[in-house]
Amino acid sequence: MDITLTHQPGEGRGRYLAHVAGEVDPGRLTYLSPEPGRIIVDHIVVPESLRGNGVAAVLARHVVDEARAHGFRIVPQCPYMIAQAQKHPEWSDVVEPV
């Protein structure tokens, strides 16, 4: 599956989108940015038509890579991101414990 990721930052919040060819509705990871150097991942949403294709996992890995590249920490708040953080202890350099 060919996934193109984009970032839409905003004032105190933002989102990463996972665009899949032929699909109108992208998967998305939304976050709040309450302070510099820290984001709270509050939702990962994948449309029904894309479920089971690893889109949520791609979004979770991407935000971890972004945190490493840009020097911010992640506070997982959505159930999926919490579960992924628990499965990936190697993310502890950028993901805060739950």
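1. Buried, in this note, means under 20% relative accessible area, and exposed means over 50%, with partly exposed in between. The model is predicted. Tyr31 has a relative accessibility of 6%, so Tyr31 counts as buried. Tyr16 falls in the buried class too, because its relative accessible area is 3%.

2. These two tyrosines deserve a joint look. A pair of aromatic rings is described by the distance of the centres and the angle of the planes. The count of aromatic pairs here comes to one. Its members are Tyr16 and Tyr31, with ring centres 5.8 Å apart and planes at 40°, so the pair is tilted. Why tilted? Planes under 30 degrees apart would count as stacked and planes over 60 as edge-to-face; the rest are tilted.

3. Where do the partners sit in the chain? Tyr16 belongs to strand β2, residues 13-20, and Tyr31 to strand β3, residues 27-35. They are 15 residues apart, and the pair links distant parts of the chain.

4. Arg13 is also placed in strand β2. Is Arg13 buried, exposed or partly exposed? Its relative accessible area is 49%, so Arg13 is partly exposed. Leaving aside residues up to four places away in sequence, Arg13 touches Tyr31, Leu32 and Ser33.

5. Now the overall layout. The chain contains two helices and five strands. Their order along the sequence is β-β-β-β-α-β-α. Among contacts between residues at least 6 apart in sequence, 37% join residues at least 24 apart.

6. What about overall dimensions? A compact globule of 98 residues would have a radius of gyration near 13 Å, and the chain has 13 Å, which agrees. The C-alpha trace spans about 35 × 30 × 20 Å along its principal axes.

7. Burial and surface come next. Of the 98 residues, 41% count as buried. The accessible surface of the chain is about 5,600 Å². Carbon and sulfur atoms hold 51% of that surface.

8. Last, charge. How many positive and negative side chains does the chain have? There are 9 positive and 12 negative ones. The centres of the two sets lie 4 Å apart.

Terms used: Residues are numbered from 1 along each chain as its sequence is written. This is a predicted model: local features need pLDDT of at least 70, side-chain atom pairs count only at pLDDT 80 or more; totals for chains, interfaces and linings use all residues. Side-chain values use heavy atoms; hydrogens and water are left out. Rings of Phe, Tyr and Trp (its six-membered ring) pair if their centres lie within 6.5 Å; planes under 30 degrees apart count as stacked, over 60 as edge-to-face and the rest as tilted. Helices (H or I, at least four residues) and strands (E, at least two) are DSSP runs, numbered from the N terminus. Buried means under 20% relative accessible area, exposed over 50%, partly exposed in between (1.4 Å probe, protein chains only). The radius of gyration is taken over C-alpha atoms; the globule rule is 2.2 Å times the number of residues to the power 0.38. Contact means heavy atoms within 4.5 Å. Accessible areas come from the Shrake-Rupley method with a 1.4 Å probe; for residues, only the protein chains shown count as cover. Lys and Arg count as positive and Asp and Glu as negative; His and the chain ends are not counted. The place of a charge is taken as NZ of Lys, CZ of Arg, CG of Asp or CD of Glu.
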